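Notebook open, model loaded. I wanted to look up the sheets, some helix packing and a pocket, and jot down what came out.

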Amino acid sequence: MKHLLLKNISDVYGQPKGAHSIFIRDGVIQAIAPFAEIERTCGPALKEPCGVLDCSRLTAVPGFVDGHTHLLFAGSREDEFYLRASGEDYLSVLNKGGGLHQTVNAVRRASGEELLRNGLAWLDLAFGFGTTTIEIKSGYGLDLETERKMLKILKRMDETHPVDVVPTFLVHAVPKDMGRRKYLDLVENAMIPEFREYASWFDLFLEKDVFDLPEAERLLRKAKDAGYKIGLHTNQVFDIKGVSLAVDMGARHVDHLEVLSPGDAALIMGTAGLYAVFLPSAEIHAFSEKTGRIDLLMEMPDRLVLSTNFNPGTSPVLSPAAVMAMAVWRYRLHDPRLMVEAFTRNPADMLFLHDRGRIETGARADLVLFALDHAAQIPYYGTICPAACVVKNGACYQIGKPHEI
C-alpha cells in the first residue's frame, strides 16, 4: 500500500481552524498538521511512493458509520409508502401480510447471486455518500435456509467491497407459514447457535403483535449465552417495557425510541455503555405521529447515534447527510458537531470499532472529503451531499464506484 498525503485541507473536523494536511501510511493516520510541519517531520516517508491529493477547497470528516440498516433485500415496497400516506399505519400493513412479509417473499425467491448483486449495488451508493462502515441485519428470511443465505452473502459483501460490513442476525417477525411456538423453538435451538459463525450481533424487533416481552427475553438470553452482542428494536410504536429488558440483558443499544418515558430515559442515561439509536428517516417515511425522544437523552451526547435504517419499506434513504438534515427538521437538533459525532465516533464506539469514526493520529484512515467550507454545512446541504472523494483504509476512491483512484 502506497502512502497518501491529503494536502492543505481547508477544514479538518476536530482540528483548529486553518489548513491542515494528513499523512497516511499503511492505512493509518500518521500525522495531522500544517503541510510545512508534516514535510519537516515526515520528510523521508514522503520520498517513498506516495499519492498526493490537493484538498485546498475541501473539508474532511471521519468516514460515516451507519449503525442500523437492512440493506440486503430484493424487490421494493413503494405501494406501502403510498398506503401509509393514505392513512394505513405500519402495524396494520404488517398484520395484513404486507410490510416486511412482502420483502420476505421476494428474498426467499431471489437467488444468492441476485441478492449479492443487489447488496453490492447498494453498498456502492452508500460508499458514495461517505459511509465507510455499515451494519447490516438479516431478518428478511424468517426461515433457517434463507437467513443463512443472507448472512453468508453479508460475509461475501464484506470480503468483496471496500466498505466494512458488520453483520447482525435479526429476528424480525414470526413468518406467516409457520406456527409461533415452532418458529420460536427454531430460532432458539437452531438459528441462534448456527448463525453465531456468521454474525457477532443479535437483534430483535420487540413490539406489540410482533414479539412480546417473555419471548424477547427468551431469545435474547439464548443469544447472549451463545456469545452475541445484543441490540434491540424497541419503543417504536408502543412501550412494552423494552428498555428495562435491554438493560437487564446488557444490550449495547436500543433503537427507535419514539415512545419513551422520562423514567426509561433516565434508565438509559444511567446505564453505562448503553447507546440510543435514532432513525428520523424511518419516522418520516412511516408518517409516524411520534418523534424519537432524543430530547430526553441530551445529557449523554457521546452515546447518541443517528442512522439511515436503510430498508425497502420504511426508509429508502442511504445518505447520512440527508438523515442529519432530517434530524434538524424532526428533532430540532441545532448542534452540527453532535450530528457528525452521532454518525462517526459514537456508532463506531457502539460497535466496539474504536479505530475509526475519528480523525486523529493512530486511527484508521477512513475519511470523507466534501466540497464544503466546514462540517456544519453537511446537514445544511444534506440533500445534495457534495462529497468529493472517500478515503478508505488509506486508499482514495472515486465517488459512487469502488475503484481506487
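I began with the crossing of α8 and α9, and α8 passes α9 in a right-handed crossing. A caveat for every entry here: I am working on a predicted model.

Helix α9 covers residues 213-225, and α8 packs on α9 at an angle of about 15°, with the axes 9 Å apart. That makes α8 roughly parallel to α9, because angles under 35 degrees count as such.

Helix α7 (residues 144-160) packs with helix α8 (residues 180-195) at about 25°, and the axes of the two are 11 Å apart. So α7 and α8 also go down in my notes as roughly parallel to each other. I checked the hand too: α7 passes α8 in a right-handed crossing.

One more step back, to α6. Helix α6 takes in residues 112-128, and α6 and α7 pack at an angle of about 45°, with their axes 10 Å apart. This angle makes α6 oblique to α7. For the hand, I again noted a right-handed crossing where α6 passes α7.

**The parallel sheet**

Which order do the strands of the 8-stranded open sheet follow? I read off β7-β8-β9-β10-β11-β12-β13-β14, with parallel pairing. At the edges I found β7 (64-66) and β14 (304-306); each has a single partner strand, so one side of each is left without a neighbour in the sheet. Neighbouring strands here are turned by 25° against each other on average, direction ignored.

I zoomed in on one pair from this sheet. Strand β8 (residues 131-137) and strand β9 (residues 164-171) run parallel and are joined by 5 bridges. To get my bearings I picked out Thr133, which stands opposite Asp164 in β9.

**The mixed sheet**

I then turned to an open sheet of 4 strands, ordered β4-β3-β1-β5, and its pairing is mixed. Its edge strands are β4 (28-33) and β5 (50-54); with a single partner strand each, they have one side left without a neighbour in the sheet.

In which sense do β1 and β3 pair? Strand β1 (residues 3-9) pairs with strand β3 (residues 20-25) in the antiparallel sense, over 4 bridges. I followed Ile9 across and landed on His20, its bridge partner in β3.

**The second largest pocket**

I noted a volume of about 210 Å³ for the second largest pocket.

Which residues line the second largest pocket? I listed Asp11, Val12, Tyr13, Gly14, Gln15 and Lys17, then Arg337, and finally His374, Ala375 and Ala376. Sorted by class, the lining comes to 4 nonpolar, 3 polar and 3 charged residues.

Notes
Residues numbered from 1 in each chain as written. Predicted model: local features only at pLDDT ≥ 70, side-chain atom pairs only at ≥ 80, totals over all residues. Heavy atoms only, no water. Pairing = 2+ DSSP bridges. 1 Å grid on protein atoms, 1.4 Å probe; cavity = no way out; pocket = protein on both sides within 12 Å on 5 of 7 lines; lining within 4 Å. Points joined across faces, edges and corners; volume = space filled by probe spheres on them. Nonpolar A, V, L, I, M, F, W, Y, C, P; charged D, E, K, R; others polar. Axes fitted to C-alpha atoms, helices over the stretch in contact; angles between N-to-C directions. Parallel < 35°, antiparallel > 145°, perpendicular 65-115°, else oblique. Left-handed = near helix turned anticlockwise from the far one by under 90°.
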